[in-house]
Amino acid sequence: VQLQASGGGLVQAGGSLRLSCAASGNIFSINIMRWYRQGPGNQRDLVASVTRGGSPNYADSMKGRFTISRDNAKNTVYLQMNSLKPDDTAVYYCNADLELRAGILENYWGQGTLVTVSS
């Protein structure tokens with residue numbers, strides 16, 4: 001079982017990126033999926049989360065610029081990031097509560113994808 005994140009890269013301020021994270025392996029179902037980020041010298045902070053039903057929640061500083069979504073058929077969560085700022089530079093990690101057996105949830109992390117926003 002693993003989470004594979006992709007989509008990071010170098011973008012100019014004001015630009016956009018779309019991150020993806022796909023869960024693979026013997027998974028019964030996926031509960032909440034999340035994106036975190038960790039900038040240089042900073043702690044890892046929650047960016048956004050989305051329930052299995054598609055209800056999103058965002059950190060206050062991301063509201064209006066970032067959109068989290070998921071495709072349950074593909075076991076994939078997305079993060080659309082618009083109006084990017086240099087302060088958004090960070091390694092972005094996906095995280096999910098995976099149900100590997102009925103009723104048993106385990107928390108998994110992806111490997112991270114680097115987003116660099118130049119001024």
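An open sheet of four strands, in the order 1-3-8-7 and with antiparallel pairing, is the place to begin; here a strand is a DSSP run of E of at least two residues, numbered from the N terminus, and two strands pair if DSSP finds at least two bridges between them. This is a predicted model, in which local features need pLDDT of at least 70 and side-chain atom pairs count only at pLDDT 80 or more, while totals for chains, interfaces and linings use all residues. Residues are numbered from 1 along each chain as its sequence is written, and side-chain values use heavy atoms, with hydrogens and water left out.

At the edges of the sheet stand strand 1 (2-6) and strand 7 (66-71), and because each has a single partner strand, one side of each is left without a neighbour in the sheet. On average, neighbouring strands of this sheet are turned by 15° against each other, direction ignored, where the axes are lines fitted to C-alpha atoms and angles between N-to-C directions run from 0 to 180 degrees.

Strand 3 (residues 17-24) and strand 8 (residues 76-81) run antiparallel and are joined by six bridges, with Leu19 standing opposite Leu79 in strand 8.

The torsion about the S-S bond of Cys21 and Cys94 is about 55°, so the disulfide is right-handed. Both Cys21 and Cys94 are buried, a word that means under 20% relative accessible area, as against over 50% for exposed and in between for partly exposed (1.4 Å probe, protein chains only).

Conventions
A disulfide is a pair of cysteine sulfur atoms within 2.5 Å.
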